[in-house]
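User: Could you walk me through this one? I'm new to reading structures.
Analyst: Happy to, have a look first.

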Amino acid sequence: MRTAFINQLIKEREKNDRIFLIVGDLGYNVVNTFADRFPKSYINAGIAEQNMMGVAAGLASEGYIVYVYSIGNFPTLRCMEQIRNDVAYNNFNVRIVSVGAGFAYGSLGASHHTTEDIAMLSTLPNLAVCSPGDPAEAQRITSLSVLHNGPMYIRLGKAGEKSVHSAETELNFNIGDIVTITTKETDTAVLATGSILYQALTDISEQYLNYSLYSVPTIKPVNHNNLQKIAKNYSSLIIIEEHQIIGGLSAIITSALSDMYAKNEISFFPKIERIGIHDKFIYTVGTQQSIRDREGLGLSNQ
């Protein structure tokens with residue numbers, strides 16, 4: 001995903017000289033191409049993420065579209081005050097890009113587990129929250145982010161994520177849209193966000209599960225009409241995410257459906273099963289997949 005992001009950002013910068021990239025002393029194999037091509041639109045701010053966010057806000061105040069890129073928790077949890085007060089409050093065009101969502105850096109322990117970011121950042125006014133499910137969705141989100149007015153969080157996998165969308169598929173979704181992956185004659189739909197989307201697709205195929213599958217690459221906002229249609233077509237929803245279930249995608253979707261039900265916009269409230277992290281830290285280290293398996297983050301466990 002990170003390669004898809006930087007490649008698309010280079011294409012966008014070729015068309016728009018207001019794009020600026022700030023990194024926190026990492027990712028040289030990925031970002032060097034951008035830095036070499038556009039040295040005047042690039043800063044390595046060092047290991048100083050809070051300062052980096054302030055620099056981004058300052059550049060955005062002068063009309064730049066600024067991308068702040070670092071590992072998982074470092075441009076997010078570490079910078080919450082700066083994101084809130086400097087970026088979101090001023091509605092600046094800053095894009096906070098975290099690489100290594102969920103347990104992508106699982107071998108480095110809990111300090112590198114990015115599993116509370118959606119909950120924290122989605123509470124901030126003005127801030128859009130995006131979590132693409134594969135490289136094609138990451139590419140599309142990057143392209144859309146240039147045109148988006150206001151701050152945005154883009155939550156990426158680390159590297160090597162398998163594609164869900166075929167290379168021939170041209171994705172045309174917009175910010176907020178829920179993306180159809182597979183549909184079946186069934187009462188159950190799975191909603192997935194982030195790189196765990198591929199595992200959901202694989203589980204459905206290998207376990208012969210009679211589920212439709214949808215990707216949610218934008219968590220905030222969520223397309224009201226898309227969600228309403230899904231709620232009307234399925235009596236049961238399974239929501240899977242590599243994140244705490246408190247404040248994550250499942251909490252946001254459940255809250256949105258509750259509002260629809262209260263307003264009589266849907267006549268039936270679907271049964272909802274939530275697959276995620278249940279209010280705990282993961283104290284053991286391991287690969288992303290081994291931690292997912294250990295914590296039951298898969299449809300085959302249902």
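**Pockets, helices and a sheet**

User: What gives the most to the lining of the largest pocket?
Analyst: That's α10, with three residues. This is a predicted model, where local features need pLDDT of at least 70 and side-chain atom pairs count only at pLDDT 80 or more, while totals for chains, interfaces and linings use all residues. Residues are numbered from 1 along each chain as its sequence is written, and side-chain values use heavy atoms, leaving out hydrogens and water.

User: Which elements each supply at least two residues of that lining?
Analyst: α7 and α10 (288–295) do. Helices are DSSP runs of H or I with at least four residues, strands runs of E with at least two, numbered from the N terminus.

User: And which residues line the largest pocket?
Analyst: Lys158, Ala159, Gly160, Glu161, Lys162, Ser195, Tyr198, Gln199, Gln288, Gln289 and Arg292. They split into two nonpolar, five polar and four charged (Ala, Val, Leu, Ile, Met, Phe, Trp, Tyr, Cys and Pro are nonpolar, Asp, Glu, Lys and Arg charged, the others, Gly among them, polar).

User: New topic! Which residues line the largest cavity?
Analyst: Its lining is Ala101, Gly102, Ser131, Arg155, Leu156, Gly157, Thr193, Gly194, Ser195, Ile196, Glu242 and Gln288. By type, three are nonpolar, seven polar and two charged. Ser195 and Gln288 line the largest pocket too.

User: What separates a cavity from a pocket?
Analyst: On a 1 Å grid over the protein atoms alone, a 1.4 Å probe fits in a cavity but cannot get out, while a pocket is an open set with protein on both sides within 12 Å along at least five of seven lines; lining residues have an atom within 4 Å of a point.

User: OK, helices. At what angle do α3 and α4 pack?
Analyst: Helix α3 (residues 49–61) and helix α4 (residues 80–88) meet at about 10°, and their axes are 9 Å apart. Axes are lines fitted to C-alpha atoms, for helices over the stretch in contact, and angles run from 0 to 180 degrees between N-to-C directions. So α3 and α4 are roughly parallel (angles under 35 degrees).

User: Which residues make that contact?
Analyst: α3 brings Gln50, Met53, Gly54 and Ala57, and α4 brings Gln82, Ile83, Asp86 and Val87, with contact meaning heavy atoms within 4.5 Å. Four of the contact residues are nonpolar, three polar and one charged.

User: Last one: how do strands β8 and β11 run?
Analyst: Strand β8 (residues 188–192) and strand β11 (residues 236–244) run parallel, joined by five bridges. Strands pair if DSSP finds at least two bridges between them.

Technical notes:
Angles under 35 degrees count as roughly parallel, over 145 as roughly antiparallel, 65 to 115 as roughly perpendicular and the rest as oblique.
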